[in-house]
Amino acid sequence: MKCTRREFLGTSTKVAASALLGSAILGKGSVEAQVDSTKKSDGVTPEVVPMRTLGRTNLKISMMSVGTSRTNENTIRYAIKRGINFIHTSPTYIMGWSIRKVAKAIKGQRDKVILGLKVTWDWDRDDKLVKSLDSLGTDYVDIVFFPIHNDPEQVASPEVKSTFDRWKKQGRVRFLGLTTHGGMKECMQAALKTGWYDCLMPAYQIHQREQYLDLFKECEEKRIGIVAMKTKISPAKPELTSLFFQDRSVKAICRTISSLKALTGYIEAFKRNVPSKDASRIIQRESLASVGRCTMCGTCTLNCPSGLAVNDMVRCVDYYVDTMDDFEVGKENYLAIDRRAGADHCEQCGMCENACPNNVAIRHYVRRSKEMFS
Ligand code: SF4
Ligand code: SF4
């Protein structure tokens, strides 16, 4: 087929940039699928968005993806124009405001996106799933994510499987995902053991790589794709981004994108590549920088004698406010914590700090969460 000069130049640029991404840290040929070369120009330059196959789902997912805990429809639309195709949302984000923004953004282009939906309701409430789909203006989501933290037994609960099977039979969901930001490794191991889950979305920061290598290997063998969230990547540290993709089981990074400016910075960060020789130095640097910062392992919550949602309180301050600079999301997440498990009930016993592998000044964060958001 004959192609025009514009098409040729577009394709050449994409191939060149993809080749760039495919060299150095990623290793040649590690990007399974490239940008759709049939994309038309509509005023926005199509971006080179490398894609990977999301394990056994066979979905081609853009390695950049958009979390929507704080975003708007223009940002999502622009992301889609730039070739980003995975959008993750939940009916609880910004009290339902976010899911409606996603609906507006994907209207008329549902076929261009892979939709992820986090289950934030009692699993027997099928009406809540229907309501979320209505809000999204679609009949189905591609991946339904069960958020389970610090509880491998619940990950393997037959109720997860029966709920998913029922929703799948209804034609409302296609694939089963697990999202976790507490006891990540244990929860992911439990998920792999069941064989039910098609996709995992854990909190994962690059300095934790060593401890996950065996798990990544198992995921690759079983063709279970990982979407990394809460990675702490940022335009200020663009060199971090490509490091996540040195492991082939990591298929995408999901990050909240709150504005067009943030999206642009995010895209630029994805273009940056790291020579292999610098990778271990950067990971070591991140490891040192992580001392005293929360890695969302969930150990503190498991060790609090008062049964408080300790890691949730720390996350609201350390991640949302201090790292993401997003007070509103921090506050929203803080207010979502059951009051009985909140900062008011902290007895300052310090047992959480004794258990924390990262020496986080947890009591300080618990106090700050109360002062900032109450
Ligand atoms: S505060 Fe410490 S124990 Fe708690 S989740 Fe963070 S790193 Fe883990
Ligand atoms: S200091 Fe507070 S949050 Fe930490 S273990 Fe004690 S009661 Fe729980």
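1. A residue counts as buried if 20 or more other C-beta atoms lie within 10 Å of its own, as exposed if 12 or fewer do, and as partly exposed in between, with C-beta atoms placed from the backbone. In helix 3 (residues 97-106), the buried residues are Ser98, Ile99, Lys101, Val102, Ala105 and Ile106. They sit on the same side of helix 3, because they cover an arc of only 155 degrees around the axis; the arc is that of the directions from the helix axis to the C-beta atoms. The cover over these buried residues includes helix 2 (73-81), strand 4 (86-89) and helix 4 (126-136). Gly108, with a positive phi near 85 degrees, follows helix 3.

2. On provenance: this is a predicted model, in which local features need pLDDT of at least 70 and side-chain atom pairs count only at pLDDT 80 or more, while totals for chains, interfaces and linings use all residues. Residues are numbered from 1 along each chain as its sequence is written, and chains are lettered from A and ligands numbered from 1 in the order in which they are written.

3. The chain has 15 helices and 10 strands; helices (H or I, at least four residues) and strands (E, at least two) are DSSP runs numbered from the N terminus. Of its 374 residues, 45% count as buried. Among contacts with a separation of 6 or more, 73% join residues 24 or more positions apart; a contact means two C-beta atoms, placed from the backbone, within 7 Å.

4. Leaving out residues up to four places away in sequence, Val310 touches Cys300, Thr301, Cys304, Cys352, Ile362 and Val366.

5. Ligand 1 is surrounded by 13 residues, the closest being Cys294, Cys297, Cys300, Asn311 and Cys356; a residue is near a molecule if its C-beta atom, placed from the backbone, lies within 6 Å of it. Helix 11 (299-303) and helix 12 each supply at least two residues of this shell. The shell around ligand 1 has eight nonpolar, five polar and no charged residues, where Ala, Val, Leu, Ile, Met, Phe, Trp, Tyr, Cys and Pro count as nonpolar, Asp, Glu, Lys and Arg as charged, and the others, Gly among them, as polar.

6. Ligand 2 has 14 residues around it, of which Cys304, Cys346, Cys349, Met351 and Cys352 come nearest. Helix 14 (351-355) and helix 15 (362-373) each supply at least two residues of the shell, and helix 15 gives the most, with three. By class, nine residues around ligand 2 are nonpolar, three polar and two charged.

7. Ile226 lies in strand 9 (residues 225-229) and is buried, with 26 other C-beta atoms within 10 Å. Its C-alpha atom is separated by 5.9 Å from that of Cys199, 27 residues apart along the chain.

8. Asn58 has a positive phi of about 60 degrees and is exposed, with 11 C-beta neighbours inside 10 Å. Lys230 has a positive phi of about 50 degrees, but is buried, with 25 other C-beta atoms within 10 Å.
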